[in-house]
Amino acid sequence: MKHVIVLLTTLGLLLPASPLLAMNAAQKKEFERIYAMSLEDLADRVEARLEQKYPDEDWEKYRFPSFVYTDDPIEISYKVAVKNPDLLGTANVTDKDRIIPCYCFCNRMGHDNLLYCFWQKGQIGGDFDSHASECNICVRQALLAFLWDDLGASHAEIISGMERKFERLIEMHERGEI
């Protein structure tokens, strides 16, 4: 039987493994720990990693508008958007195999993906969009994506985690309730 499974797997005839199977046990455990963190804990963790990764960063050069400074999680999520915009999305792309959809469902505002919540029209280096500063879902998604990516999770693993985290919102959206 083992040889049949190896042969079928080699030929690509079995269903792909769960996205979380790509991470080792320690990474999966940390992924789940991050998944369960409060917004404030996520922000503290991301802020520490940003300081480690970019110790000499002059954040003032980004000229964040005043809405970015509403509270720490918001400010830190906008820092993620300037340092890792490709993680959040790409302009004019809605394919979740390539981007992170926004689970507050702001697509009715013209947002194609999470990047648009931080950058107007998804244009990196353009004007900042205020939407994320008013939405804890967008902020949480950016912080989760950053930490999971930093952990070594694949895009598919990040999407799987997001879909699980925002499952109730997704279901409500599918029922037309939001």
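1. Arg49 is partly exposed, at a relative accessible area of 24%; the classes are buried for under 20%, exposed for over 50% and partly exposed in between, with a 1.4 Å probe and protein chains only. Arg49 belongs to helix H3, where helices (H or I, at least four residues) and strands (E, at least two) are DSSP runs numbered from the N terminus. Its C-alpha atom is separated by 8.4 Å from that of Leu147, although Arg49 and Leu147 are 98 residues apart along the chain.

2. On the source: this is a predicted model, in which local features need pLDDT of at least 70 and side-chain atom pairs count only at pLDDT 80 or more, while totals for chains, interfaces and linings use all residues. Residues are numbered from 1 along each chain as its sequence is written, and side-chain values use heavy atoms, with hydrogens and water left out.

3. Overall content. The chain has eight helices and zero strands, so the order of elements from the N terminus reads α-α-α-α-α-α-α-α. Of its 178 residues, 42% count as buried.

4. The nonpolar core. The largest nonpolar core holds 51 residues, and Phe118, Trp148 and Met162 touch the most other members. Such a core is a set of buried Ala, Val, Leu, Ile, Met, Phe, Trp, Tyr and Cys residues joined through side-chain atoms within 4.5 Å. At least two residues of this core come from each of helix H2 (25–35), H3, helix H4 (72–83), helix H5 (85–88), helix H6 (136–151) and helix H7 (155–165). H6 gives the largest share, nine residues.

5. Salt bridges. The count comes to 10 salt bridges, each being a side-chain nitrogen of Lys or Arg within 4 Å of a carboxyl oxygen of Asp or Glu. Side chains of opposite charge can pair when their charged atoms come close. One network of salt bridges links Glu30, Arg33 and Arg45.

6. Glu32 and Arg164. These side chains meet in a salt bridge with an N to O distance of 2.6 Å. The pair links distant parts of the chain, with Glu32 in helix H2 and Arg164 in helix H7, 132 residues apart. Both partners are partly exposed: Glu32 has 30% relative accessibility and Arg164 has 32%.

7. Glu57 and Lys83. The closest N and O atoms of this salt bridge are 2.9 Å apart. Here too distant parts of the chain are linked, since Glu57 sits in the loop between H3 and H4 and Lys83 in helix H4, 26 residues apart. Glu57 counts as buried at 18% relative accessibility, whereas Lys83 is partly exposed with a relative accessible area of 23%.

8. Lys79 and Glu75. A salt bridge of 3.4 Å, N to O, joins these two side chains. About one helical turn separates Lys79 and Glu75, because they are four residues apart in helix H4. Lys79 is buried, with a relative accessible area of 11%.

9. The negative patch. Glu40, Asp41, Asp44, Glu47, Glu51, Asp71 and Asp72 form a negative surface patch. Patches are made of residues with over 30% relative accessible area and no salt bridge, with like charges joined within 9 Å and nonpolar side chains (Val, Leu, Ile, Met, Phe, Trp, Tyr) within 5 Å. Accessible areas come from the Shrake-Rupley method with a 1.4 Å probe, and for residues only the protein chains shown count as cover. Lys and Arg count as positive and Asp and Glu as negative, with His and the chain ends not counted; a charge is placed at NZ of Lys, CZ of Arg, CG of Asp or CD of Glu. Helix H3 (residues 39–53) contributes the largest share of the patch, five residues. Glu47 lies in helix H3 and is partly exposed at 31% relative accessibility.

10. Asn92 is exposed, with a relative accessible area of 63%, whereas Phe105 counts as buried at 9% relative accessibility.

11. Arg98. This residue lies in the loop between H5 and H6 and is exposed, with a relative accessible area of 52%. Arg98 and Leu88 are 10 residues apart in sequence, and their C-alpha atoms are 9.3 Å apart in space.
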